[in-house]
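Welcome, and thanks for taking a look at this one. Please open the sequence and the structure side by side, and we can walk through some details together.

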Amino acid sequence: MGTGHFFWVIFYFASLCSASLANNAKINFREKEKKVLDQILGAGKYDARIRPSGLNGTENLPTYVYVNMFLRSISKIDDYKMEYSVQLTFREQWTDERLKFDDIQGRLKYLTLTEANRVWMPDLFFSNEKEGHFHNIIMPNVYIRIFPNGSVLYSIRISLTLACPMNLKLYPLDRQICSLRMASYGWTTNDLVFLWKEGDPVQVVKNLHLPRFTLEKFLTDYCNSKTNTGEYSCLKVDLLFKREFSYYLIQIYIPCCMLVIVSWVSFWLDQGAVPARVSLGVTTLLTMATQTSGINASLPPVSYTKAIDVWTGVCLTFVFGALLEFALVNYASRSGSNKANMHKENMKKKRRDLEQASIDAASDLLDTDSNATFAMKPLVRHPGDPLALEKLRQCEVHMQAPKRPNCCKTWLSKFPTRQCSRSKRIDVISRITFPLVFALFNLVYWSTYLFRDEEDETF
């Protein structure tokens, strides 16, 4: 056997021995960990029903529990039910002097448990919770770590549906503050106090995505409550959500503007096109009403007026006004035609009376002077005589009432029509008035809701 071969044999046996010693050390270490658990949590040695002592083992001081959390996701914010759903990793940390143990010269950093009932737990609950559940796939997502100095860390992953009272006066140009409140159920502040962990008590996942909202910021605070049974410690997180306006701009505001503009097309149609103008007005009115009802169906029935109610109400009024404008045009057209016909009939009647009077006067003159043989001109002109017609026209002009000059009438005189001039002028006025008033409304609306005071947007 060569020297090199002998060397490799010795190295192989040495490796086997070292591996065996390492396994024995691991086994011994796990056995020591088991002994430590039995030592601090064994039967008759630890009672999970008893609250830990206060700071430095002081009995008459409360137990301080430090809380922090990690927001994993916010799945939805429901305007109708006024609630939101959140998934988070919730952590609590406190000190229990009874759980101190030897760390075996720093080798045993902490003990891990998966059963929360083995140690004392704070009776924390979420006061604005509607629904909630733990996650148990594949194993329950919970652990308890016990550190050598007696510090206990409890971590669990939970999903909650929480109530979020909303003020929708500025909807959909609003910001909402949704809170997450945690309080003690049975222990008063004399026994148990919740505190936010120093540093960064609330962490939020970086790629948090909400379909119609943006999480602008959050704020931690305390909300201790006093009842008939005592004062209870409470923590809260205020989440400020800003509503994404682009969705509502595309789905609500632009379609409503288009419907209002389409209703103005009737002003440019001929006043005699009754079926076209009526169909256009009724169709736009029904479409606008359907749009309004669809918007209100997704919102709770509140007692105050929302910003979207002002917008849809004014747009509906403009569409309805366009339909009423055609009714006014149609009425003015018919009354103008009747007046024109009556005026023509009166003029014809006056002309016939004047002609008959001239004929009667000529007959009387011939009867009284029938023996005259000289030629003379008639005192009254015949109906076809140009001089008689000229006098008739002058009579008609004098019968008309004098009118004062008016700048508006002068401008409207640029749009003359042979018949129904009043109805035509109503259409011309509407072509200018409706867009101007709607533009003025937009100016007031957007300046009111977009440039409002910052006090409404802060905590």
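Let's begin in a loop: Ile138 sits between strand S5 (129-134) and strand S6 (142-146). This is a predicted model, and in it the peptide bond leading from Ile137 to Ile138 is cis, with omega near -5 degrees. Pro172 belongs to the loop between S7 and S8.

Met82 is worth a visit too, in the loop that links strand S1 (63-78) with strand S2 (83-95). Its phi is near 55 degrees, which is positive although the residue is not glycine. For context, most peptide bonds are trans, and most residues other than glycine have a negative phi.

How many disulfides does the count come to? The count comes to 2 disulfides. One of them is formed by Cys164 and Cys178, with sulfur atoms 2.0 Å apart. Because the torsion about the S-S bond of Cys164 and Cys178 is about -80 degrees, this disulfide is left-handed.

Cys164 is in the loop between strand S7 (151-163) and strand S8 (175-184), while Cys178 is in strand S8 itself, so the bond ties together parts that are 14 residues apart in sequence.

## Helices H2 and H3

Now for a pair of helices. The axis of helix H2 (residues 245-263) comes within 9 Å of the axis of helix H3 (residues 274-297), and the two cross at roughly 165 degrees. An angle over 145 degrees counts as roughly antiparallel, and H2 and H3 are therefore roughly antiparallel to each other. Their crossing is left-handed.

Which residues make the contact? From H2 come Gln251, Ile252, Pro255, Cys256, Leu259, Val262 and Ser263, and from H3 come Leu280, Thr284, Thr287, Met288, Gln291 and Ile295. Sorted by class, this contact of H2 with H3 has 8 nonpolar and 5 polar residues, with no charged ones.

## How confident is the prediction?

The protein chain has a mean pLDDT of 80, and 73% of its residues reach 70 or more.

Key: Residues numbered from 1 in each chain as written. Predicted model: local features only at pLDDT ≥ 70, side-chain atom pairs only at ≥ 80, totals over all residues. Heavy atoms only, no water. Axes fitted to C-alpha atoms, helices over the stretch in contact; angles between N-to-C directions. Helix = DSSP H or I, 4+ residues; strand = E, 2+ residues; numbered from the N terminus. Parallel < 35°, antiparallel > 145°, perpendicular 65-115°, else oblique. Left-handed = near helix turned anticlockwise from the far one by under 90°. Contact = heavy atoms within 4.5 Å. Nonpolar A, V, L, I, M, F, W, Y, C, P; charged D, E, K, R; others polar. pLDDT = per-residue confidence, 0-100. Disulfide = S-S within 2.5 Å.
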